[in-house]
Protein chains: 2
Amino acid sequence: MESQAGNDLRAFLEPESVAVIGSMREPQGEGYVMIQNMLRFGYSGRIYPISRSCDEVLGMRAYAALNEVDARVDLAVMVTPPPTVPGLVGQCADKGVRAVIIVSEGFAEAGQEGAGFQRQVVDIAHRAGIRVLGPNTQGVLNTDNGLVTGPYFCGSKRPLSGGVAYCSQTGFLTFASHPIIDRAYPISKVFEFGNKCDVHEADVLPYLTNDPKTRVIVMHLEEVKDGHRFIQVAQQAAVRKPVLILKPGRTEAAARAVASHTGSLAGDDQVWDTVFRQAGIIRISNWRDFWEVPRALALQPVPAGNRVAIVSATGGGGVLLVDAVTEAGLVPASFTSATLQELEALSPKLARNPVDTGPDMVLRDNPFSIYEDVMPPVLADPNVDCAIVVCHANPPVVDVFERLASRLSRIAKPVLLFGYGVDQAEMQESGRRLEALGFPTFFDMDIPVRALAVGAAYAKARLDLLERP
Amino acid sequence: MESQAGNDLRAFLEPESVAVIGSMREPQGEGYVMIQNMLRFGYSGRIYPISRSCDEVLGMRAYAALNEVDARVDLAVMVTPPPTVPGLVGQCADKGVRAVIIVSEGFAEAGQEGAGFQRQVVDIAHRAGIRVLGPNTQGVLNTDNGLVTGPYFCGSKRPLSGGVAYCSQTGFLTFASHPIIDRAYPISKVFEFGNKCDVHEADVLPYLTNDPKTRVIVMHLEEVKDGHRFIQVAQQAAVRKPVLILKPGRTEAAARAVASHTGSLAGDDQVWDTVFRQAGIIRISNWRDFWEVPRALALQPVPAGNRVAIVSATGGGGVLLVDAVTEAGLVPASFTSATLQELEALSPKLARNPVDTGPDMVLRDNPFSIYEDVMPPVLADPNVDCAIVVCHANPPVVDVFERLASRLSRIAKPVLLFGYGVDQAEMQESGRRLEALGFPTFFDMDIPVRALAVGAAYAKARLDLLERP
């Protein structure tokens with residue numbers, strides 16, 4: 001059951017047909033909600049509800065058993081009581097299903113009896129050549145085809161398709177617990193690993209490495225199943241795209257909590273730092289960075305270095321950013337004299353970093369037009385690797401960045417925005433429009449800073465990987 | 001022009017009448033918008049628009065000059081070109097106005113000429129016993145009477161009245177640049193200091209110390225005008241309520257940026273740490289903490305110590321919190337055996353910290369009722385100083401905490417919520433309802449942790465102050 005360049009995971013994410021086995025009771029049965037989720041997300045394949053108690057589910061014919069489906073089934077998703085699951089996996093073997101997601105809880109994580117069911121599942125699947133994700137997982141999401149296997153409400157329309165693959169060992173870091181649709185996260189795939197009875201991080205990494213939709217991989221891991229293979233596949237991934245890992249257990253207290261949560265030994269945390277460094281992985285440290293940092297990296301190029309231009313409509317904000325940038329291991333860029341002269345020609349107060357656009361803005365008919373004059377020379381400066389812009393998140397700013405987008409993208413350096421304002425709805429709508437133009441927009445000062453720091457660290461780690469003999 | 005226990009600042013925040021001097025041009029004249037803001041916020045005093053160019057502004061009689069107002073004027077707010085301002089301050093002296101806010105830019109911060117106007121203002125005001133806030137400021141907000149002196153749109157209704165006084169040296173950290181209304185920040189007063197030609201932080205602190213509405217004071221300062229008096233009044237404040245300070249310039253690069261922004265010398269940052277410690281001030285370090293940490297402290301009691309109970313609907317989230325808590329200098333509490341027995345009696349898996357409510361929730365008709373069973377014994381545990389609850393931010397959770405509110409508030413230890421979910425509108429509405437019940441709710445894991453760490457640090461600093469000879 002070893003991965004072959006991740007190709008055998010295709011059935012989990014790109015199935016042409018899915019059998020859903022679970023309670024079809026309206027309105028809350030887990031199988032029923034799962035199918036409803038797939039319909040809401042517009043899943044493009046065929047769905048086969050499996051149910052002994054009804055003939056029809058959400059307008060689709062239901063089948064009393066898997067073997068009554070007279071067509072190929074690529075993926076079976078089950079959310080039924082643990083004692084039923086080994087038998088159902090056996091039916092999958094008979095039917096020729098190659099991929100199974102076990103959503104149900106109550107296996108190894110729950111005690112001895114559950115662990116027994118889990119062992120039976122693994123035995124049957126192993127003999128039949130079936131790959132299993134879970135148990136105790138909400139499974140997967142693919143924004144490309146609308147496949148989603150969560151058994152609870154996860155939103156009323158398909159999430160935005162984008163470049164981030166989110167993977168985790170807890171449902172708390174999936175589509176089930178975060179407003180990814182409302183906040184327009186750019187997502188390619190989501191994996192929740194669950195108990196990892198078979199499929200785990202080292203299987204998923206090659207799949208995501210080869211997935212053309214995925215530009216950034218982020219993983220939450222409480223432990224790693226196969227350290228040796230993990231380093232190998234993580235290195236192969238990191239050469240091609242950023243791999244970020246959130247691994248709790250940095251403190252002794254948390255390591256103990258990990259042990260009592262998943263039963264896994266977190267191990268000496270410094271060892272993990274070494275492993276991650278060796279693999280070219282960038283470690284992130286908190287819940288917010290898990291969600292926010294990858295989406296910055298997915299929308300913009302990776303910075304070649306750590307020299308940041310700060311362009312701020314507020315002098316006070318620029319100063320705060322200098323502390324944040326410096327403490328994150330980045331440095332405020334020193335502009336070349338050519339750039340300084342160009343800025344000076346616009347207005348003497350602009351000729352420094354942070355570029356304080358405030359005083360000049362109040363003199364303009366359209367205050368926000370200043371970004372059109374300032375951004376191209378600043379970003380093109382050879383001493384600048386990346387930029388953070390502190391600006392209003394409002395429609396006139398969106399218009400300016402719409403005009404700037406192609407000029408800036410030709411320079412191929414990341415530009416992140418920290419948007420502010422008094423009207424939250426206007427800010428959020430403007431943020432969505434700016435992100436549609438390719439400019440990641442945050443209503444927070446530290447996130448864009450950390451995103452650039454992570455990006456710069458990745459650029460360095462990738463160079464190190466490429467230069468190794 | 002020295003402060004007497006801050007009483008002489010009353011005219012700035014609690015005036016019964018305000019003269020507004022500035023452009024009354026519709027729809028964007030600064031004086032016009034300022035009056036519009038006051039009307040939208042329901043300012044309860046009298047407003048006298050001063051304008052040579054019109055007879056009526058927003059339904060109110062306008063006066064060609066201040067001396068035509070045939071009633072007392074407590075506060076004059078001016079947003080007119082710098083050369084006109086010294087003369088207008090002179091008219092205030094003639095009229096007997098005791099408090100002036102100069103909103104206009106273009107004074108000392110802009111260059112030599114502006115600095116000259118600013119000196120003239122100070123001379124005139126000093127001779128007449130007038131206190132001046134600014135120039136180069138958006139002034140003040142008082143949520144109690146609806147007074148607001150910002151010259152740009154700052155929202156369509158009065159912000160929520162609450163316990164936080166926000167003070168800053170930049171408009172970027174005021175009502176002008178943050179969605180305080182949409183996010184329901186509990187605010188007592190806002191001060192922007194501007195150029196501090198007269199009124200500064202050491203004047204404002206005594207006023208806020210004595211302000212019964214203010215439970216927490218937070219200040220952004222790029223420099224301190226009068227270090228000696230500042231330490232004295234800050235100590236007096238810190239004995240009575242938390243004083244948090246965001247002071248940039250922690251890094252050399254930022255200290256240089258401060259110098260070029262406000263012309264002030266930031267000084268050796270370690271000296272500031274010592275000064276703040278001596279004064280019982282808690283230092284915060286970033287933009288987000290400035291906005292978010294005080295509102296947690298305003299709604300809940302200060303923790304007596306640093307031992308945290310974590311109650312989490314997600315095992316994975318609980319583990320992440322243990323790292324966050326520990327790295328913030330807090331410790332996961334060790335429950336007493338009595339508490340452990342009580343939790344064990346509910347369900348064996350609950351008897352540890354973090355309390356993982358997940359497995360037990362799925363067995364209940366109302367999963368969220370678990371908080372009613374778990375929270376009272378956990379919070380009452382003598383080994384527990386405070387709690388963070390990781391829970392859905394949804395209506396059933398609000399209902400549970402509504403039933404719990406009075407029981408928990410009797411225990412008098414802070415309880416902060418980290419709310420999650422998939423529907424942002426539902427989360428925000430639930431968060432507002434939970435905060436109305438007194439439970440600060442964050443959609444972020446690190447903020448409640450930092451809020452408790454700041455609270456615990458304040459409790460210790462206050463004890464130190466009280467124990468000093």
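The questions below take up helix pairs, domains and the chain interface of this predicted model.

Q: Which residues make the contact between α5(A) and α6(A)?
A: From α5(A) come Glu201(A), Ala202(A), Leu205(A), Pro206(A), Leu208(A) and Thr209(A). From α6(A) come Arg229(A), Phe230(A), Val233(A), Ala234(A), Gln236(A), Ala237(A) and Arg240(A). By class, the residues of this contact divide into 8 nonpolar, 2 polar and 3 charged.

Q: What makes α13(A) and α14(A) roughly parallel to each other?
A: Once more, the crossing angle decides. For α13 (residues 370-380) and α14 (residues 395-411) of chain A, that angle is roughly 15°. The cut-off for roughly parallel is under 35 degrees, so α13(A) and α14(A) are described that way. Their axes come within 10 Å, and the crossing is right-handed.

Q: Which residues of α13(A) and α14(A) meet, and how do they divide by class?
A: On the α13(A) side are Tyr371(A), Glu372(A), Met375(A), Pro376(A), Leu379(A) and Ala380(A). They meet Val400(A), Arg403(A), Leu404(A), Arg407(A), Leu408(A) and Ile411(A) of α14(A). The contact has 9 nonpolar and 3 charged residues, with no polar ones.

Q: How do you know which residues of domain 1 and domain 2 of chain A are in contact, and how many are there?
A: Two residues count as in contact if their C-beta atoms lie within 7 Å. By that rule, 15 residues of domain 1 of chain A are in contact with 17 residues of domain 2 of chain A. The domains span 7-296 and 301-465, and their centres, taken over C-alpha atoms, are separated by 37 Å.

Q: What makes up the side of domain 1 of chain A that touches domain 2 of chain A?
A: At least two residues each come from α6, β14 (282-284) and α9 (287-299) of chain A. It is α9(A) that gives the most, with 6 residues. The residues of this side divide into 9 nonpolar, 2 polar and 4 charged.

Q: Why are the two copies said to be related as by a two-fold rotation axis?
A: A rotation of 180° with 0.0 Å of shift along its axis superposes chain A on chain B, at an RMSD of 0.0 Å. The two copies are thus related as by a two-fold rotation axis. Within chain A, the C-alpha nearest that axis belongs to Ala425(A), 5.5 Å away.

Q: How do you know through which surface the copies meet?
A: Of the interface residues of chain A, 100% are also interface residues in chain B, so the copies meet through the same surface. In that interface, 50 residues of chain A are in contact with 51 residues of chain B. The elements giving two or more residues to the chain A side are α7 (252-262), α9, α10 (315-327) and α15 (424-436) of chain A. The largest share, 11 residues, comes from α10(A). By class, the chain A side divides into 22 nonpolar, 17 polar and 11 charged residues.

Note on methods:
Residues are numbered from 1 along each chain as its sequence is written. Chains are lettered from A and ligands numbered from 1 in the order in which they are written. This is a predicted model: local features need pLDDT of at least 70, side-chain atom pairs count only at pLDDT 80 or more; totals for chains, interfaces and linings use all residues. Helices (H or I, at least four residues) and strands (E, at least two) are DSSP runs, numbered from the N terminus. Ala, Val, Leu, Ile, Met, Phe, Trp, Tyr, Cys and Pro count as nonpolar, Asp, Glu, Lys and Arg as charged, and the others, Gly among them, as polar. Domain bounds come from an automatic or database domain assignment. Copies are superposed by least squares on the C-alpha atoms of residues with pLDDT of at least 70 in both. Axes are lines fitted to C-alpha atoms, for helices over the stretch in contact, and angles run from 0 to 180 degrees between N-to-C directions. Angles under 35 degrees count as roughly parallel, over 145 as roughly antiparallel, 65 to 115 as roughly perpendicular and the rest as oblique. A crossing is left-handed if the near helix is turned anticlockwise from the far one by less than a right angle, and right-handed if clockwise.
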